[in-house]
Amino acid sequence: MATSLPPGLEPLLSSIVSMIQTLGWHDAAIVLRDDPGGPLRSVAAAGDPPPFDPDFDSKSHSQLSRSVLIVPDVSAADPRWQVAIPLAAEGITLGWLIVGGSEPDEARVTALETHADLIAAALFQTRQAAAMHDEAARQKLLNRIARIVSQHLTVQDLCRAITHELRATIPFQRATLMFHGQSGAQESAVLDADGTPLPERDPLAAIAQAWLAAPGDKILTTSLDEAAASPETRRALSDAGLHSVAVVALQAHGQRIGAFSLAAEAPDAFRPADLDLLRALADHLAGAVWKAWLYHKEQRQRHVNEALANLSQSVNSTLALDEVLALALEQLSQVLTFDTASIILAEGGELCIMACHGFDQPEDLIGTVFHFEENNIAYETMLARQARVVGDVQEISNWGHSRHEVEGAHTIRSWIGAPLVVREHSIGMLTIDKHEPDFYTGDDGDTAAAFAVQIATAIHNARLYESEQLRRQTALALAQIAQTINATLEPSEVLDLALDQLRTVMDYDTASILLLQGSNLRIAACRGFHSPEHVTGTMITPDRANYAQRTLVDQRVRYVEDVQQTGDWSHSRDEIPEIAAIRAWIGVPLIVQDQSIGVLTIDKQQPNFYTQDDADTATVFATQIATAIHNASLHQTVARQRDRLAAILTDASDAVIVVDTSNLIWLVNPAAEHDLQIERATVAGEPLSCLGLPELDEAFATAQAQQTAVMCEIVTPGGTAFHASLAPVRDVGWVIVMQDITPLKELDRLRTDWVAAVSHDLKNPIQVIQMGAAMLELDAPLSALQIEHVQMIERSAAQLSDLVTNVLDLARLEAGPPLRVVSVSPPDVIDAAMSEIEHLATEKGQDLTVELGPSLPPLMGDESLLRRVLTNLLSNAIKYTPEGGSITVRAHTTNGALNIEIADNGQGIPADALPHLFDRFYRVPNTAASGTGLGLSIVKSIIDKHNGSVHVTSIPGQGSTFTISLPTAKAS
């Protein structure tokens, strides 16, 4: 396309060449390049210049100064020389000044070069001014376009506004504006130069679409070569009379988002300046297109959100599953264009069409079932739990062949599958179909996925509602059943009522309850049999091939669709017509505390009658039956135990009193009424103190405080002595057993009196023996043998005297004379006892030490008896500790009690002797030291009189420690 010169320049150049002609040149011409590197063309000429060869500067020539001298053919009739002088300014060659004539000299050429410089300067300045004017015009155009495109929010309006502005600047006959998003979303507008819309399938749009899909420069070459377009596209453009194309990419956020294209009828119609304008326009246009797309996307999302909100509101208005699905497809049609759509739910290993839209006969499709196929696209989509968009399902291998059985399946091209997911488990599929390929985009898939979430939730809620309704109905029936069968505790009545109530929740022809008896199952009750007496009592032996036995052992419910089709169904009772006719069967174990007690069997003479839901209902019912049977059994057991306990309490010779958790008398047996002279009706519900036994009240208070069993002796006002045992009983209260020990106490008193009398009567003879032995030594000298015999008599008499003394002391303690209670200083009584036995330790070379705690509190007790306790314990320690041993006395207070420990490192006491150590006359076996076996009994009796305690710890070979604990004066 020729470039026009700026106004006024062409006449100027013509006058210049005319003036040059007057300088002695036959002809003159000025040739210029419109663009650097472009072709040369003549813009002014004078005379008769020879034909101009634009490529002369690339041919052989000679150089004169900076001019090019073209030598003519001297053999010609009229040889003419040509001189070409470059028109250069600022290092740019703008063209040439070419003159012709006779052979030039250097002076004439130099004059021409001067004129050439003036021409070049004028041309350069003129072009600079023109360029600045063009740039200002272009910038003004761009500003106007930027202002205009900001006012439009659709691709169609944007394209129309741009073409209106450009048609005065760039020659074109067709324009297209295309948006292409990452998710596959696409929108385009194709217009002619007047802004009239053209079909979107225009070849110019095809060029832009193909170019966007492949990497390339920002501007596509305007020549329609093979790189620019396919042969079909080039042919379509040529048929439309278009021969030049310019495509500019629209980029935003680092990615191509679309393209703007122009097409013109003239070849090479678009100048570099036009392409520069398009490049500059692309930035404004990209932002406007991106904003328009965001607006479109926001509007679409708002529309989708409104539809989802309407869907949520609609499906929440009903919990009927059929209505929920129909409402969902209706709302889906408001936001997505489709030819057909379906909601398919998974049931076991099959898919079932539950709702559909867009089909001619939807009632024929609803309920259609087809199996999962691993090569089926629906199965794969459900496994992936992600929405899937397919441009053309007819082109993929895993488009399920079974779908051809569905109306219109062979016409489906574009397809969206959105799984219905609940708690990470696919429960079905939303399918959306279009008969046009490549119709849906990723955004459409996202919209379908959003709808699928709402639909899945609605389906889940509807199913929960149905399940809850069924559960409530079943629960109500089971509650009524439980109330009915628990109204009696007679086992046979429980079984009959259970089978009668079972029919209210489950349909059956026959039913039986089999209870475990030994290793066999016995039919304890049955219903539905013509002759139940022939069935009841039947024993089923352990045979794992039998369904009932297997259910019992496995402890899990089992239902069989058709027992006649299985090889392990027992036919041992086929002589009974009802059993021979059984087809569908449910067996439920009766389990109590993880133990099988029997089996509930439910039968139907129709195959495939029962489902897993029926088995679940039977399981719940079986739990009720098992509980009722167990309760009836427990009732019988408790009744037997109650009768047995009543007989024991009635016939028991000991008095028994039961106090409840409120500390009120709940039960007294006949022996208690007789021994305590009370009446059951009078004392029942009264506190224990109503019996008038202070010692029993005190023992009961102690037992409650310690929450342990307590034993004590109680004497009634009438003088009857009882040994009472008070023990807590969980969930009952307290049981008090009182044994009359009055005869035993009398025998013990008689024994004590007799021992005391005998001991007292022995005291005088013993003294006479001792005195006689002493007199023998005074009467006359005795031989060594006689002296040994006398000493033997004296030792024996002394031992006998000690024994009698200890027996009398023990008798006096047990007789119970009052203690001479005074305030006793622990250090004083310990010092007094130490003084009495210190010489014994010295004789054996033993180390006797005392360790007293600070500020020991006084005791309230009988000082002489307490000193006797310490003396006995210290004497034993010295006696059973070898020579050179050590004995330590320690005293300290703990929890209001004074503890006195006497520890030695003697021979120790065997463990089996410790429980008997304080018994009367008990001596540790294999003990060499002498003793009466009453010393420790006296110690315990004295400590008991002081409300204290004594205990011993010992390790054989290492020593023993005796500890007495006495209440201090403050505690007393």
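Buried means under 20% relative accessible area, exposed means over 50%, and partly exposed lies in between, with a 1.4 Å probe and protein chains only. The model is predicted: local features need pLDDT of at least 70, side-chain atom pairs count only at pLDDT 80 or more, and totals for chains, interfaces and linings use all residues. Residues are numbered from 1 along each chain as its sequence is written, and side-chain values use heavy atoms, with hydrogens and water left out. Helices (H or I, at least four residues) and strands (E, at least two) are DSSP runs, numbered from the N terminus.

**Salt bridges**

- A salt bridge is a side-chain nitrogen of Lys or Arg within 4 Å of a carboxyl oxygen of Asp or Glu. The whole structure has 13 salt bridges.
- One of them joins the side chains of R388 and E380, at 3.3 Å from N to O. R388 is partly exposed, with a relative accessible area of 31%. E380 is also partly exposed, with a relative accessible area of 31%.
- Another salt bridge joins the side chains of D562 and R583, at 2.5 Å from N to O. D562 lies in the loop between β21 (558-560) and α13 (577-580), and R583 in the loop between α13 and β22 (584-592), so the pair ties together parts that are 21 residues apart in sequence. D562 is buried, at 11% relative accessible area, whereas R583 is partly exposed at 25%.
- The side chains of E851 and R890 also form a salt bridge, at 3.2 Å from N to O. E851 belongs to strand β30 (residues 847-852) and R890 to strand β32 (residues 886-894), so this pair ties together parts that are 39 residues apart in sequence. E851 is partly exposed, with 42% relative accessibility, and R890 is partly exposed, with 30%.
- A network of salt bridges links D496, D500 and R527.

**Cavities**

- On a 1 Å grid over the protein atoms alone, a cavity is a set of points where a 1.4 Å probe fits but cannot get out, and lining residues have an atom within 4 Å of a point. Grid points are joined across faces, edges and corners, and a volume is the space filled by probe spheres set on the points.
- By this rule there are 4 cavities of 30 Å³ or more. The second largest cavity has a volume of about 50 Å³.
- The lining of the second largest cavity consists of V829, L859, L866, V869, L870, I900, I943, I964 and L966.
- Which elements each supply at least two residues of this lining? They are α21 (863-879) and β35 (959-967). The most comes from α21, with 3 residues.
- Ala, Val, Leu, Ile, Met, Phe, Trp, Tyr, Cys and Pro count as nonpolar, Asp, Glu, Lys and Arg as charged, and the others, Gly among them, as polar. By these classes, the lining of the second largest cavity has 9 nonpolar, no polar and no charged residues.

**Helix α22**

- Helix α22 spans residues 935-945, and its buried residues are L936, S937, I938, V939, S941, I942 and I943.
- I943 is also one of the residues lining the second largest cavity.
- Just after α22, N947 takes a positive phi of about 60°.

**Positive phi in loops**

- Most residues other than glycine have a negative phi.
- E424, a residue other than glycine, has a positive phi near 65°. E424 sits in the loop between β16 (414-422) and β17 (425-434), and is exposed at 65% relative accessibility.
- Q555, also other than glycine, has a positive phi near 55°. Q555 is in the loop between α12 (547-554) and β21, and is partly exposed at 34% relative accessibility.

**Other sites**

- S689 is in the loop between α16 (680-683) and α17 (694-706). S689 is partly exposed, with a relative accessible area of 46%.
- The C-alpha atoms of S689 and L664 are 9.5 Å apart, while the two residues are 25 apart along the chain.
- M771 lies in helix α18 (residues 742-779) and is exposed, with 57% relative accessibility.

Methods. 1 Å grid on protein atoms, 1.4 Å probe; cavity = no way out; pocket = protein on both sides within 12 Å on 5 of 7 lines; lining within 4 Å.
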